[in-house]
Amino acid sequence: MLLAGAFEVGYALSVGGSRGFTVPSWSAVAVVFFLLTLWALSRALRTIEVAIGYAVWAGIGAVGAAVLGPVFFDETLTTAKAAWLAVIITGVIWLKLADRHRR
């Protein structure tokens, strides 16, 4: 799942760099990351419920893109954004913990 999340971050950042798929190099990287993230997610979903897996995957992608966006692009990470990202991270952790208690 972590690998799928990492590939999702790469996909999100490369789509941003592609500027609507008008920059060929970033567009090609986006396609590669897209295929890798789908492959890794499909592997992870063999052992994780779809609802849990998708939430964790999307959460990792959202947080990773928000944190790394300012590193690679002219984006900002404000205190308010960081606080809401912390809410996402907390939600993903609690969701996974809730799934663990059921088993």
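Student: What does a relative accessible area of 46% make Phe 21: buried, exposed or partly exposed?
Tutor: This is a predicted model, where local features need pLDDT of at least 70 and side-chain atom pairs pLDDT 80 or more, while totals for chains, interfaces and linings use all residues. Residues are numbered from 1 along each chain as its sequence is written, and side-chain values use heavy atoms, leaving out hydrogens and water. Buried means under 20% relative accessible area and exposed over 50%, with partly exposed in between (1.4 Å probe, protein chains only). Phe 21 comes in at 46%, so the label is partly exposed.

Student: And where in the chain is Phe 21 found?
Tutor: Helices here are DSSP runs (H or I, at least four residues; strands are E, at least two), numbered from the N terminus. Phe 21 is not a glycine, yet it has a positive phi of about 60 degrees. Its place is the loop between helix 1 and helix 2.

Student: Let's zoom out. How many helices does the protein have?
Tutor: Reading along the sequence gives the pattern α-α-α-α. The C-alpha atoms fill a box of roughly 45 × 35 × 15 Å along the principal axes. There are zero strands, and the helix count is four.

Student: What share of the 103 residues counts as buried?
Tutor: Ser 14 in helix 1 (residues 2-18) is one example, because at 1% relative accessibility it counts as buried. Val 31 in helix 2 (residues 24-44) has 44%, so it counts as partly exposed instead. For the protein, the buried share is 29%.

Student: Which backbone oxygen does the Ser 14 side chain reach?
Tutor: Ser 14 touches Trp 26, Val 29, Ala 30 and Phe 33, leaving aside residues up to four places away in sequence; contact means heavy atoms within 4.5 Å. A polar atom of the Ser 14 side chain also lies 3.5 Å from the backbone nitrogen of Ala 30. As for the backbone oxygen, reached at 2.8 Å, that one belongs to Gly 10.

Student: How many aromatic pairs does a search of the whole structure find?
Tutor: Rings of Phe, Tyr and Trp (its six-membered ring) pair if their centres lie within 6.5 Å; planes under 30 degrees apart are stacked, over 60 edge-to-face, the rest tilted. The search turns up four.

Student: What kind of pair do the rings of Phe 7 and Phe 33 make, and which helices does it link?
Tutor: Their centres are 6.3 Å apart and their planes sit at 50 degrees, so the pair is tilted. Phe 7 and Phe 33 are 26 residues apart, and the pair links distant parts of the chain. Phe 7 is buried at 16% relative accessibility, whereas Phe 33 is partly exposed at 25%. The linked elements are helix 1 and helix 2.

Student: How far apart are the ring centres of Tyr 54 and Trp 57?
Tutor: This pair is also at 50 degrees, so it is tilted, and its centres are 5.4 Å apart. Tyr 54 and Trp 57 are three residues apart in helix 3 (residues 50-72), which means about one helical turn between them. Trp 57 counts as buried at 10% relative accessibility. So the centre distance you asked for is 5.4 Å.

Key:
A polar contact is a pair of N or O atoms within 3.5 Å; within protein, one must be able to donate a hydrogen and the other to accept it, and residues adjacent in sequence count only if both atoms are side-chain atoms.
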